Amino acid sequence: MPKNNKTLLWFFFAGMIFLANPVFAVIDVLPDFLGCAFIFYALSRASALSSGVKDVRTAFSRLLILQAARFVLSLLSLRTGQSESATLLLTVTFAFGALSLFFLIPALIRLKNATPAFCAAHGGSFSEACDKRGRNRFDRYIGLCVWFFIVKELLTVLPEFTALSLSSDVLNGRERLYDFIGLLRFLAFAVIFVLFVYFTVRSTLVLRLVRSDTELFAAVGREYDLYIAEHPLLLSYRRNLLSLSFFFAGALMWTDFYIDFHNVIPDVVAAALILAGILVSPLPGKKKIPAAVFSVFYGVAAFFSGRFAYRFSTEFDAFAIDKNQLAARAYFEMWISSFVEFLIFLALLSFLLLFLREIVRRYAGYIPEHASEFEDKKRKELLEAWDKRLLRLVVVGFIAALASFLFDYIQVIPNFKFSVLLEYFWVFDFLLSLAFALLLGNAFLSLQTDLHDRIRYD
């Protein structure tokens, strides 16, 4: 157990490095939301033993959601025109930078305040270590983190703000000042990179300090073993919660899940998230196989369908189908690949909802040790309610998938007036896909409540 606890410490260290790495415009090699996810996972055991650390973990979970939204919107800015991209990028960088600090700084302060109490309760001493001048090393590190992230966000937003404010000016009557955005970004990146190297060195020294506190890790390991023995369903609850989180993220990526020529996040990402949710679930392996196999099939189908759609949309148009053999062949490949994707999606949705029903049957609601008419009736009502909800999800998912299929392919019929009318059909496509994702997310929240009730009753 001590060894596993030290492994979690490496996740915390990696999370801080992910949060601190320099960003060049929207190019974030180590995404911040992954850093928040690493820290959230690293605090899992300590949060079970300390309410203070649990508050820290909750603060980083909020930051995780914020950084994930920032990452998606940053990718969206790459799909727009130059002026729109500058405006969107500035908005994302400035607004989410300020919000990130609003959530990150309190999380770090809570970590600073919770650490001494946690160490004192488990015989740890690293939080009391001082340097040669008598200053607390851990407190100084948290202070460094606060100042570093403030400076990082300021330097990141400065080039975007300068470029946007001067983009309408003219230099020598020919060149726009916006053309020098690359230089501004490079200078900001260089300064942040130097500070990042210093931050990494300091983080490594603190990591060594914490790892040397073997007594703390041994005490936490023993207490955590006792805690798990008293809560045998906790691990399955956490795995189910993580699985549902992957499912919901994948459902959001499914919005516009069929071939849409301006899709920001590829459907392959949605398939990967769904597969991850299936694999981390505590269900037995044989229960995972059908949904896992079809999630892989869907990812492959979405990849090839997207490629065929991109080829047709960039090389041909609807009026060339009846006149050009290559255009007709490209359209057929696009149509048949999308139809295959449509069928595989329906199969995946069916197996995924059966997968969720199995989670409900095994882990949700109170399961009495001794059968009684009242308890059996309540159990049957719970399963029937979930059957109705899952059936509604199948219907909504089918309608949303059909709307996307129709929008992407009927609109290429070479009839000018009809095509113009279908240009507005994307609104229904988007709203139905979003409604399906939100409906599925609401079902996940209800399932989480039923899973928690099972632990509470037991």
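Student: Quick one: in what handedness does α10 pass α11?

Tutor: Left-handed: that's how α10 crosses α11. Keep in mind that this is a predicted model.

Student: OK, and at what angle do the axes of those two helices, α10 and α11, cross?

Tutor: Roughly 170°, with the axes coming within 8 Å. Here α10 covers residues 267-280 and α11 covers 285-315.

Student: So how would you describe α10 and α11 relative to each other, roughly parallel or roughly antiparallel?

Tutor: Roughly antiparallel. Angles over 145 degrees count that way, and therefore α10 and α11 qualify.

Student: Which residues make the contact?

Tutor: From α10 you've got Asp 267, Val 268, Ala 271, Ile 274, Leu 275, Ile 278 and Leu 279. On the α11 side, the list includes Lys 288, Ala 291, Ala 292, Val 296, Tyr 298 and Phe 303.

Student: And how many of the residues in that α10 and α11 contact are nonpolar?

Tutor: Twelve are nonpolar, and the contact also has two polar and two charged residues.

Student: What about α9, at what angle does that helix pack with α10?

Tutor: About 165°, and the axes of α9 (residues 234-253) and α10 are 8 Å apart. That angle makes α9 roughly antiparallel to α10. The crossing of this pair is left-handed.

Student: Which α9 residues meet α10?

Tutor: Among them are Arg 239, Leu 242, Phe 246, Phe 247 and Met 253. They and their α9 neighbours in the contact meet α10 residues including Asp 267, Leu 273, Ile 274, Ile 278 and Val 280. By class, the α9 and α10 contact splits into 13 nonpolar, three polar and two charged residues.

Student: Which helix gives the largest share of the lining?

Tutor: That's α1, with six residues. Several other helices each supply at least two, among them α3 (44-49), α5 (82-121), α6 (137-166) and α7 (181-211).

Note on methods:
Residues are numbered from 1 along each chain as its sequence is written. This is a predicted model: local features need pLDDT of at least 70, side-chain atom pairs count only at pLDDT 80 or more; totals for chains, interfaces and linings use all residues. Side-chain values use heavy atoms; hydrogens and water are left out. Helices (H or I, at least four residues) and strands (E, at least two) are DSSP runs, numbered from the N terminus. Axes are lines fitted to C-alpha atoms, for helices over the stretch in contact, and angles run from 0 to 180 degrees between N-to-C directions. Angles under 35 degrees count as roughly parallel, over 145 as roughly antiparallel, 65 to 115 as roughly perpendicular and the rest as oblique. A crossing is left-handed if the near helix is turned anticlockwise from the far one by less than a right angle, and right-handed if clockwise. Contact means heavy atoms within 4.5 Å. Ala, Val, Leu, Ile, Met, Phe, Trp, Tyr, Cys and Pro count as nonpolar, Asp, Glu, Lys and Arg as charged, and the others, Gly among them, as polar.
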